[in-house]
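Dear colleague,

I am handing over the structure we spoke about, and I would be grateful if you could look through it before reading my notes. The notes follow directly below it.

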Amino acid sequence: MVEGSMTQGAGQGPEAERTATLRDFRVPAYVHEAGPYAPGTPPADPAAPAEEPYEDTYPEGYTPTQRDLPVINRGDTVQVTVDPVQVPDPAPQPATGPGPLYVVGDVHGYLDELTTALREKGLIDAAGQWCAGTTRLWFLGDFTDRGPDGIGVIDLVMRLSAEAAAAGGYCKALMGNHELLLLGAKRFGDTPVNSGAGTATFQAAWLLNGGQKTDMDRLQDHHLQWMARLDALEEVDGHLLVHSDTTAYLDYGRSIEEVNDTVRETLTRNDADEVWDLFRKFTKRFSFRDEGGADAVRSLLDTYGGTRIVHGHSPIPYLLGEVGSEDGEDDNRTAVDGPHVYADGLAIAMDGGVTMAGKLLVQQLPLDD
């Protein structure tokens with residue numbers, strides 16, 4: 001694989017308060033030299049005010065979250081049905097030792113796309129059961145929001161975890177910022193939090209970031225418990241697996257164990273402001289992309305181990321500066337066929353942009369460079 005290539009405060013009263021809450025979550029679109037989302041570009045909703053440049057709107061260090069990525073309605077897209085005779089053989093198994101290692105990028109509720117991708121890799125059979133023996137499978141977080149069936153995705157991952165363990169392999173998952181967002185919306189609702197930029201609530205942030213009422217209606221205690229226990233990062237076969245392309249993990253510990261323990265303890269204390277700060281930091285992105293990106297990756301590798309970092313969170317078209325239209329029309333964006341390697345070959349991006357009519361990536365590691 002060639003580095004950088006694609007193998008892919010006005011007014012008073014309740015209404016003013018509401019406006020401030022929404023504004024708190026307006027995210028400026030990503031700006032690049034030739035892109036269509038320059039500061040001041042009107043959002044999709046013509047009744048909404050034009051978006052403003054980041055540096056003119058928010059205090060230093062704040063990461064806004066509304067509309068951080070385009071969302072499209074994929075209800076009219078063709079759903080792929082895999083005929084049983086087209087299902088490939090199960091993933092090949094080594095004679096001895098652990099099975100092959102696979103990672104999955106952001107799913108965001110697109111259950112059909114996930115099952116199709118897992119079948120194509122020989123990890124599940126036509127009935128959706130684990131058929132990959134001792135294979136090791138890691139999900140990089142963000143199971144819900146934006147897509148139609150986030151709870152269905154969580155249910156599938158939980159079931160595959162049990163089935164894989166019974167077969168001698170495993171299926172594990174990391175904590176994404178949308179898991180923190182859903183947990184916060186369920187636990188704290190409209191409780192105000194100290195956002196650093198005005199009134200904020202988890203409920204407002206969740207809705208503005210693609211929260212689905214059907215997911216909230218179906219959310220049960222065992223889903224909440226499962227999400228609250230997820231690790232934030234892990235190192236496997238020299239790959240440092242994280243959800244977000246940010247160095248904010250360094251704020252929570254100097255070892256993998258310390259970071260994971262700190263995150264779980266923060267959630268256990270159930271303090272809305274603490275959880276909000278955790279969510280805000282996990283929402284940061286692009287730390288590895290521009291000048292100094294490779295050094296940012298090295299700061300994580302030197303602290304937590306590994307020789308390469310593998311992350312989701314930021315869709316590959318955004319990392320490449322190829323921001324497409326929100327309606328999914330053809331805009332000459334490069335098709336995402338696989339992971340994107342960048343930052344002097346030290347970082348592998350795994351979010352193919354399924355919420356942007358992109359591809360849900362399932363990839364075996366290591367990559368063939």
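Leaving aside its neighbours within four places in sequence, which residues is G150 in contact with? Before the reply, please keep in mind that this is a predicted model.

The contacts of G150, once those sequence neighbours are set aside, are G109, F143, T144 and D215. G150 is found in helix α4, and this glycine is buried, with a relative accessible area of 0%. Although G150 and R218 lie 68 residues apart along the chain, their C-alpha atoms are separated by 9.6 Å.

Helix α4, which covers residues 150–166, also meets helix α8, which covers residues 221–228. The axes of α4 and α8 come within 11 Å and cross at roughly 70 degrees, which makes α4 roughly perpendicular to α8, and the crossing is left-handed. On the α4 side the contact is made by I151, I154, D155, V157 and M158, which meet H222, H223, W226 and M227 in α8. By residue type, the contact of α4 with α8 divides into 6 nonpolar, 2 polar and 1 charged.

As for what α8 keeps from the surface, its buried residues are H223, L224, W226, M227 and A228. These buried residues pack against α4, but also against strand β3 and the helices α5 (177–188), α7 (213–218) and α9 (256–269).

Strand β3 leads on to the sheet, which is open, has 4 strands in the order β3-β2-β1-β11, and shows mixed pairing. Because β3 (170–173) and β11 (362–365) each have a single partner strand, they stand at the edges, and one side of each is left without a neighbour in the sheet. Direction ignored, neighbouring strands of this sheet are turned by 20 degrees against each other on average.

Conventions: Residues are numbered from 1 along each chain as its sequence is written. This is a predicted model: local features need pLDDT of at least 70, side-chain atom pairs count only at pLDDT 80 or more; totals for chains, interfaces and linings use all residues. Side-chain values use heavy atoms; hydrogens and water are left out. Two strands pair if DSSP finds at least two bridges between them. Helices (H or I, at least four residues) and strands (E, at least two) are DSSP runs, numbered from the N terminus. Axes are lines fitted to C-alpha atoms, for helices over the stretch in contact, and angles run from 0 to 180 degrees between N-to-C directions. Angles under 35 degrees count as roughly parallel, over 145 as roughly antiparallel, 65 to 115 as roughly perpendicular and the rest as oblique. A crossing is left-handed if the near helix is turned anticlockwise from the far one by less than a right angle, and right-handed if clockwise. Contact means heavy atoms within 4.5 Å. Ala, Val, Leu, Ile, Met, Phe, Trp, Tyr, Cys and Pro count as nonpolar, Asp, Glu, Lys and Arg as charged, and the others, Gly among them, as polar. Buried means under 20% relative accessible area, exposed over 50%, partly exposed in between (1.4 Å probe, protein chains only).
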